Amino acid sequence: MEVQHSDESSHDSLEEIEDISDSGSDFEVQLKDMKRRKQTTALLGPRAVVDEWLDSYKQDRDAGLLELINFVVQCCGCKGVVSREMFDGMQNAEIISTLTKEFNEDSVNYPLCSPGPQWRKFRASVCEFVQVLVRSCQNSFLYDEYLFSALLALLTGLSDSQVRAFRHTSTLIAMKLMTGIVEVAVMVFAQIKTTQRRYDAERSKSAEHRASERLEELQATISELREHQEELSSMMNATFRGVFVHRYRDRVAEIRAVCIEEMGVWLRENPGDFLNDGYLKYLGWTLHDKQGSVRLQCVRALQGLYKEKDLIGRLELFTSRFKERMLCMVLDKDPDVAVEAVQLLLLLQQRTEEGLSEEECSHVYPLVFASRRGLASAAGAFLYHKLCSAMSSEPQETDMGSRRAAFFNLLVSFYIQSEFHEHGAYLVDSLWGVAGAELRDWDTMTSLLVQEADQGRGLVDEEEGALIELMMCAVRQAAEGYPPVGRAQAKKILSMKDKKTQAQDKRRITTHFITLLPQLLAKYSADVEKVTCLLKAPLHFDLETYSSTGRLEKYLDLLLAQVCGIVEKHTESGVLEACARVTCALSQDKYTFSGRADLVVSQLLDSLTDRFSSHLNELLQGTADEDEVYSAATALTRIAAFSSAKDLTSWKLFEPCFQLLKSGVESRDIDKELMVPALKCAAFHVLWEKVRVANSTPTKAEVKRLKKEVRSFCVVCQSCLSVGQPEIRDQAFELLCDMLLLFGVSSVRSQPTLQPLAHPPSDSLRFDMAAFLLDYVFTEPDDDQLSGEAEGVEEVKMATLQRRRNQLAGYCKLVIYGILDLSTATDVFKYYSKFYKDYGDIIKETLSKTKMISPVQSAKTVCLSLQQLFSALAPECVGGGQEFGEIRELAKRLAMSFGIDLHRIRKPLVSLHMDGIRFALREAAEVEQPPNLPFLEILSEFSFKLLRQDRAQLSAFLSAECGSAAPSWPALRMYQRSLQSGSSKPREDGERSATLSPHSTPAAKRRRTTPQGSVSSASRGPWLDSSSIHSNVATPGLTSTVQRQPSKHLPVTHNTQASTTGSDKGSIISEPESVDDFSEGGIHNNLATPGLTSTVQRQPSKHLPVTHNTQASTTGSDKGSIISEPESDDDFSEGSLQRKVEPRRRSKLPIAQASPSGHCDLESHLTMLSLIEEDEDDEGEEEEPEIEDFESDDSDHHTDFTLPSTRRSTSYLEELFQ
């Protein structure tokens, strides 16, 4: 706390309180006035301020106390002043009632809840002032039975006020006073013990050596100290029972948090008086509080207790009763609470004799893979402690190397048993803060890998694979200096110290692995996973080291030889792509040895090309045997892997690949092992040619040849869409999406040299691609193909779904970037509801992007989608049945996608309704009842988004379409009612509130936390905020050619905020009826610890739409306001905050009636109601229910802990669309 500000908030308030007028201005204006007049006391600290006030108190204690009381009142933000007449002639309750009437601020804010750094300093200054006041009076006025008794009586009354500002401020001051008194009580107790020892020592002397006067003096001192102790105990008891017992369960979370925070201080500072079941029970109950801030203070208070070894024995009963709750809190929905809970469990493990069992530790272990880095790091510290404990329990190792080897053995065993493979980077990052030295010990890790298993200390095959993965993850973390993708909220800017450490780590990695990597590659060259992982190491080398000394060049030759040998051994795409990345990194022109590396790669590609070419004629003629086909296929697969990373156009592979593809399609004698790599090679050849043309000045012949290649390749891919082998079919579709995107009109428009290469899709190609979606994407998984596999069925399903999502995203990009017309999106929108769990996020983003491109056309496309589905219905299903209901459900979901800005979507919605009306009333004049008339029921699902004037316009348009004599068809009447009321049928309260007039009066005492008419950032995609679609759209990521799959390593974070924040006076925590309920026998029967249902976060299902609770929670600043929330955030209209307030009983307030024209008076009265709460539950507070009755609003068991997902992470969606 700054001394200067303490003076501003304390001394100025005390000195100049008399200058504040009764009518007054806003309290902030008054405090600013004081700040301008602070010059005379700017250098005084809190002690000087207190000393000055004590001098005035000694001269006139009534005037001094009155000044202090007014100081407290002003700290509450009240404009009223306690006059001398009020002080002399009124009781505290009457004074508080008078101040309540004068508390008529224009804002519900008060100093303790006001935002900004100055008010945070104000709070700290008030707390310090109170502490200094107690310390200054500890030997005098603390025992005069006037000052502190009167002050505590006033604070107790204010803490029971219905005005939140009074209650919050007085509770804070009372709790700080209590803390100061507790500290004084501890000192008095120590003085009694010291004086008693002196008395006993003096009394034990013989009669001739004993000093009677000394004994009498010590006895008098002891008596005086005991009197002081009794007075302090009386004040502490009065404050605890008068303030704490009522306010620790206040409706306002901040008040509850203050009480629990100070309770932790009392227990720690004065365990003799407070560390017993009668006080510990409050911490146990508050572990179940609804608000994270309160649970956070409770856990921190317990941490302070468990850090003291002397107190552990007295916490055994508490630990046994509430350990289960502490274990559950590691999955708390509040990440800060979860972190502190893990640290608390670590203290339990370290300080208590019994510690935690393995089953209990299993609650913490998985958190090392959590997406939140703070929580994962805390879990990493816990795991590190457990590993070190396991090492210490074994015979002491003689040297550091042996201890490190034992550490890695235990870590590898944990990683294997955790079964969270492919997420080693997250485990390494979790341990990086506490085990950074061990994880940088490359010598020990490589020595374990080099050892043979038969030597006794070697690793088995599975352990070697796990250690290699962890070692490469540590190499990446040390070389890059960043946590893995998904752990960091934003890209961290490294400090100079971090950059220096990073450079040193990179040099150490290079120096160590340059010599050992060829040896490790030679040992594991036959193992695909191990060698793929090891090939990541050169990407983090300081490659200039190879040319620094001549003796290291031989290791470069060894590395290249091993890479070429691995290419010759394997055909898996993963290991081949890893080899391609390494060779391309070594072939960069900036290195002096790049020529040597490029020569080796060229020789390898020459041999592969020759092998493929030698079998080409036989393949085209159909005379090749199995060996020749296999040899050509493996060679082409290896070439395809290198073509993705290196320009191979000089090898001129397009023509032979195209001939092979053409021959296979025409003869239908298709070998997928040949066709798939041939498709890749041809596609990469075309892409590298486009890059070359874009970066040079090509001739017309070159442009013509490339255009012919593009057209020919697209024709072959279109033919492959109808083949029976899914691998070829899927690869062709993905490459088609890429080709059409890269050679679309919008992509080549900005480069004149590429404009002749524009290749729009033909009508037949559009039809075939749409048919592909219907046949192979929007279809249920074929269980017949998976039923024969006992193991790995889920993995196959996930891989299939991932591939389909990739294909759908590729098609949607063609719509978004203008390659396909917006009307083609109907083939996607029709399945929004049916396949929401699999493709909902992709379709929703496509809807959003199309609205940016053309809002009206997008709305027409939505209507067209529904029309197509309606037209496909069987005649008996029209107007009813399950299929018709599914179309209506889809219409509801699509209506929700239009957003909350009703003025912005007016034109699109009107266009949608007009198209729907025309479709429904088609042939109305020719037949008795139009066949499409039931479509109006579907169209009515969009009516609640219409504004009043648009409903009138559509009603007139409907009448015109129906003719002069409008028939009374049921569907028509339903649609007309929806235009009148805004919905197709009577809605629930929540939905009905969204259709109120935009001019409806907002509910009192609630304010939007986001600007009116804006969309909360939490409700939008993170990549939607900064992106907009205009005429020039940057080329997105490709569908098939992106080599890395970031989604496999991205943690998915679900963060649904708690819906309940207490507001005012009332009980949030239910208290047992007596202190005895915490006894050994009573707690088991009467204190059944609630489960995790009150604090864990609700995670939306990955496959189900998230529904919004129509019963809103109390999040405002007043008691008892229950607000009905619309079913969707989109249901709010711009410029108004429409809420339905549940009727409730008001307390009687002495407010003058406002005149009909007194608008200002009405606003004043509403503000008065916003500050004063109704004590509706007085009778309910008389009875204190058992803790079992406490239930949280969050009644599910989903948590904030999420593992890195290989599926639908946000960044993966970014990859699909950008």
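Which residues are buried in helix 33? The close-ups below start there. This is a predicted model, in which local features need pLDDT of at least 70 and side-chain atom pairs count only at pLDDT 80 or more, while totals for chains, interfaces and linings use all residues. Residues are numbered from 1 along each chain as its sequence is written, and side-chain values use heavy atoms, leaving out hydrogens and water.

**View 1. Helix 33 and its cover.** Buried here (under 20% relative accessible area, 1.4 Å probe, protein chains only) are Val703, Leu706, Glu709, Val710, Ser712, Phe713, Cys714, Val716, Cys717, Gln718 and Cys720. Their cover includes helix 31 (654-667), helix 32 (672-694), helix 34 (726-742) and helix 36 (763-777). Helices are DSSP runs of H or I, at least four residues, numbered from the N terminus.

**View 2. Ser696, between two helices.** Look for Ser696 in the loop between helix 32 and helix 33. Thr753 is 57 residues away in sequence, yet 8.7 Å away in space, C-alpha to C-alpha.

**View 3. Asp332 and its partners.** Asp332 sits in the loop between helix 15 (316-328) and helix 16 (335-351). Asp332 counts as buried because its relative accessibility is 0%. Its side chain makes a polar contact of 2.8 Å with that of Arg295 (N or O atoms within 3.5 Å; within protein, one able to donate a hydrogen and the other to accept it, with residues adjacent in sequence counted only if both atoms are side-chain atoms). A polar atom of the Asp332 side chain also lies 2.8 Å from the backbone nitrogen of Asp334.

Definitions and conventions. Buried means under 20% relative accessible area, exposed over 50%, partly exposed in between (1.4 Å probe, protein chains only). Contact means heavy atoms within 4.5 Å.
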